[in-house]
Amino acid sequence: MKQLQLVILIALAMISHKTVLAQSMIFTTKTFAATQGGPGGEFENNELLVIDGHLLDARHFVPNTALSTMLGDADGDFNFNDFDKNIDAIALATNSQAPNMTGLLLSVDQTMEVMGGTVVDGDVFAIEADGQINVIYPEVFFATATQTSTIDVDAFHEAADGTLYFSFANDEVTTSNSLATQNNGAANLDESTVFMILPGSTMAQIAFTKNDILQVVSTAMGTTFSTIVDLTAFAADPASPGDFIFGIGSTNSAIEGRLFSTANGGSFPQHFGNDINSATLGFIDEEVLEGIAFLPTDKNTFRLFSPTTVPSPAGTHSYAVEGATPFQIVQLFASHSVFPAPSTLTVSNMSGFPYIYVNPSDPLFGISVQSLDFSRYASSTGAATITFVTNNLPVGLRITMQAVDVATNTISMPASAGI
Ligand SMILES: [Ca+2]
Ligand SMILES: [Ca+2]
Ligand SMILES: [Ca+2]
Ligand SMILES: [Ca+2]
């Protein structure tokens with residue numbers, strides 16, 4: 001009987017040519033995206049988005065307000081809104097790296113001011129608990145490995161065996177004869193080239209040339225494409241070991257916003273039985289996807305949003321949560337923000353986000369705990385909106401919040417308001 005089941009499974013595997021997504025996929029868009037999913041109806045290009053086994057369409061995973069709250073007040077204007085550059089690469093951090101706030105490594109597409117300095121577009125970095133940026137792989141590492149000069153990394157992936165994969169945002173010229181040879185004799189490395197660095201090596205090889213990527217796209221689409229403009233995202237395909245999933249920069253409406261897998265020579269990753277593209281992600285328009293990473297498991301995240309623009313000093317403030325236990329209580333905790341670096345405590349005996357940004361000894365914290373205005377029952381879909389009204393408060397007085405799903409004792413990432 002067992003053998004028969006095995007034969008059936010093998011037969012099923014052989015007729016299945018599609019990659020099926022079982023893990024949470026974290027990603028970002030290249031530009032602002034209007035969406036049917038999630039509060040506010042919009043995603044910014046400096047936010048981390050997610051689809052998973054619970055979510056049919058894309059939702060926030062880490063809103064830019066959460067990233068800015070973690071980063072702190074880099075420019076000293078008493079607003080937590082300084083994570084303001086497009087995120088162009090995302091990768092899952094391995095255990096070998098320093099603990100960091102989200103478990104993810106990021107790159108941005110412009111120089112960004114952070115506390116204690118700047119990050120540049122070629123850096124791959126983690127955000128630490130105290131708001132410091134920890135550059136795990138600096139730009140010079142990639143430039144040296146490819147014998148180029150200043151570069152912008154726009155796709156990055158660290159494989160389980162330690163092999164690093166990456167792509168550049170622009171065409172770059174190499175002085176390496178070896179790389180040129182691998183690049184069909186050309187010193188000009190196309191922006192859709194995927195490089196790899198094997199564990200222990202400091203020199204890169206070409207994993208996929210522009211033509212290799214074109215071939216995968218053409219095979220998946222069943223028609224020949226002469227350009228995909230750019231490779232914008234790269235990760236191991238969790239449903240097909242040894243294969244990879246990538247995103248492209250083309251704005252050709254036939255292929256814009258699609259993800260491709262190298263499985264079967266060229267195929268479409270699947271989510272809930274659909275190809276992953278702008279329409280199935282719930283976007284109103286076609287959007288170029290960048291920076292994909294897969295979490296090890298399907299993870300239902302509990303998420304708190306503040307409005308994407310800092311509200312005026314006085315008025316009604318509306319905070320949305322998603323991913324809470326349906327029909328159970330969501331509690332918002334608030335305290336006055338600490339500047340310039342956020343004050344953090346390590347969470348114990350709670351699940352979700354590992355740090356507390358609200359200050360339990362602040363008087364506002366006690367008020368938020370006791371106020372009915374700060375708690376709501378979640379809807380049947382685990383959503384709730386919490387609103388409160390403030391009077392005009394001076395510059396320098398801001399509020400940091402986190403939400404708790406009381407039924408599961410799960411804490412959200414932080415949000416903040418310019419109140
Ligand atoms: Ca982005
Ligand atoms: Ca600021
Ligand atoms: Ca970058
Ligand atoms: Ca690229």
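**Loops, a hairpin and a sheet**

In this predicted model, Pro 340 sits in the loop between β27 (329-336) and β28 (345-346).

Me: Which residue is joined to Pro 340 by a cis peptide bond?

Reply: Pro 340 belongs to the loop between β27 and β28. Omega of the cis bond is about -10 degrees, and the residue joined to Pro 340 by this bond is Phe 339.

Me: Is Gln 147 buried, exposed or partly exposed?

Reply: Gln 147 lies in the loop between α3 (139-146) and β13 (153-158). Its phi is near 55 degrees, a positive value in a residue other than glycine. A residue is buried if 20 or more other C-beta atoms lie within 10 Å of its own, and exposed if 12 or fewer do. Gln 147 has 19 C-beta neighbours inside 10 Å, so it counts as partly exposed.

Me: How many other C-beta atoms lie within 10 Å of Phe 272?

Reply: Phe 272 is in the loop between β22 (269-271) and β23 (274-275). Phe 272 is not a glycine, yet it has a positive phi of about 50 degrees. Phe 272 is partly exposed, and the number of other C-beta atoms within 10 Å is 13.

Me: Which residue in the turn between β11 and β12 has a positive phi?

Reply: Strand β11 (residues 124-127) and strand β12 (residues 133-137) pair in the antiparallel sense over 4 bridges. They form a hairpin with 5 residues between them. In the turn, the residue with a positive phi, of about 90 degrees, is Gly 131.

Me: What is the bridge partner of Ile 127 in β12?

Reply: From β11, Val 124 and Ala 126 point one way, while Phe 125 and Ile 127 point the other way. All of these residues are buried. Across in β12, the bridge partner of Ile 127 is Ile 133.

Me: What is the bridge partner of Ile 26 in β24?

Reply: Strand β2 (residues 25-29) and β24 run antiparallel and are joined by 4 bridges. In β24, the bridge partner of Ile 26 is Ala 293.

Terms used
Residues numbered from 1 in each chain as written. Chains lettered and ligands numbered in written order. Predicted model: local features only at pLDDT ≥ 70, side-chain atom pairs only at ≥ 80, totals over all residues. Helix = DSSP H or I, 4+ residues; strand = E, 2+ residues; numbered from the N terminus. Pairing = 2+ DSSP bridges.
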